[in-house]
Amino acid sequence: MKITYFDGRGRVEPTRLMLELTRTPYEYVATPLEAWMSEEGKAFARELTPFCKLPLLQDGAFSLCQSCAIHRYVARKLGLYGNTLEESARIDEVFETGQELYLDAAKFVWDPQFHERRAEHRETTREQLASLARYFTKVRADPEHWVLPGRYTLADAMMAYALEQLLPLHPGLVEEHPELHHAMTRFFAADGVREYVRSKRRCPTTTVPFAQFGGKPEETHQWTD
Ligand SMILES: N[C@@H](CCC(=O)N[C@@H](CS)C(=O)NCC(=O)O)C(=O)O
């Protein structure tokens with residue numbers, strides 16, 4: 001499999017986390033921004049995607065865009081999408097909840113008023129995390145897994161990534177919910193994931209340098225312990 005995106009964790013990271021968790025070989029191509037700015041540099045995306053946006057997944061002759069479609073395709077292929085209608089539906093529910101949390105923060109870091117609005121966003125996120133913690137207590141399979149006891153799925157990859165993104169954005173907030181923090185840190189310590197997130201293969205930033213926040217390594221969570 002080949003993933004084409006940019007030099008940032010961004011929208012495609014849950015797919016990478018699942019590939020690493022299962023130790024599935026793949027190629028990652030980080031499109032340089034200078035190349036993307038030119039018409040020739042994005043010709044492949046114009047050809048293979050409806051709106052000329054990345055990420056793009058290629059699996060043999062099959063190509064797929066839209067990050068959530070990619071996450072689901074990879075989760076199904078790797079056996080991380082449950083075994084029954086109900087399991088897959090619950091995975092979808094948790095996944096969508098994590099995606100909402102992720103996108104809210106991912107869009108906020110591009111807000112020109114980011115610095116003025118950061119404190120207000122922190123309070124909104126605090127309320128969201130309190131609800132999320134209640135939801136986790138209600139649906140969790142065990143203290144480390146959202147849907148399947150003893151087994152990670154797409155739901156865990158998405159939720160762990162969404163929570164990780166909040167660590168530098170709103171320091172101390174995720175830690176206010178030890179049960180969420182515990183599940184997240186256990187996911188990043190799982191075999192395969194642990195090596196990846198401590199390696200140079202992982203993009204050092206959440207997004208590209210033009211963002212108000214998250215485009216620098218010091219504004220992005222790094223696992224070093
Ligand atoms: N709904 C799409 C959105 C894709 C998207 O907005 N990609 C951005 C990067 S995160 C992009 O390609 N931006 C480059 C551009 O617009 O020229 C998805 O989830 O994959």
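This is a predicted model: local features need pLDDT of at least 70, side-chain atom pairs count only at pLDDT 80 or more; totals for chains, interfaces and linings use all residues.

Started with helix α1 (residues 13-21), which is mostly covered: 9 of its 9 residues are buried. Buried here means 20 or more other C-beta atoms within 10 Å of the residue's own, exposed means 12 or fewer, and partly exposed is in between, with C-beta atoms placed from the backbone. The buried residues of α1 are E13, P14, T15, R16, L17, M18, L19, E20 and L21.

Residue numbers run from 1 along each chain as its sequence is written.

Elements are DSSP runs numbered from the N terminus, helices being H or I with at least four residues and strands E with at least two.

What covers α1? I looked that up next. The cover on its buried residues includes β1, β2, α4, α7 (154-169) and α9 (193-197), with contact taken as C-beta atoms, placed from the backbone, within 7 Å. Just after α1, R23 has a positive phi of about 50°.

Then the strands. I count two strands as paired if DSSP finds at least two bridges between them. Strand β1 (residues 2-5) runs parallel to strand β2 (residues 27-30), with 4 bridges joining them; K2 has E27 as its bridge partner in β2. Together β1, α1 and β2 make a right-handed β-α-β unit. Right-handed means that, with the strands pointing away from the viewer, the path from the first strand over the helix to the second runs clockwise.

β1 also pairs with strand β3 (residues 56-59), this time antiparallel, over 3 bridges. On that side, I3 is partnered with L57 in β3. From β3 I moved on to strand β4 (residues 62-65): antiparallel again, 4 bridges, with Q58 standing opposite S63. β3 and β4 form a hairpin with 2 residues between them, and G60 in the turn has a positive phi of about 65°.

Which residues surround the ligand? I found G10, R11, K53, L54, P55, Q66 and S67, using a cut-off of 6 Å from the ligand to the C-beta atom, placed from the backbone. By class that shell is 2 nonpolar, 3 polar and 2 charged residues. For classes, Ala, Val, Leu, Ile, Met, Phe, Trp, Tyr, Cys and Pro are nonpolar, Asp, Glu, Lys and Arg are charged, and the others, Gly among them, are polar.

Domains next. The protein divides into domain 1 (2-78 + 195-219) and domain 2 (85-190), with bounds from an automatic or database domain assignment. Their C-alpha centres lie 20 Å apart. The contact takes 16 residues from each of domain 1 and domain 2. On the domain 1 side, α1 and α4 (67-78) are the elements that give two or more residues, and α1 has the largest share, 5 residues. That side has 9 nonpolar, 5 polar and 2 charged residues.

Last, two spot checks. K77 lies in helix α4 and is partly exposed because 15 other C-beta atoms lie within 10 Å. From K77 to E123 I get 38 Å, C-alpha to C-alpha, for 46 residues of sequence. L103 lies in helix α5 (residues 85-108) and is also partly exposed, with 13 other C-beta atoms within 10 Å. The C-alpha atoms of L103 and L167 are separated by 15 Å, at 64 residues apart along the chain.

Technical notes:
Two residues are in contact if their C-beta atoms, placed from the backbone, lie within 7 Å.
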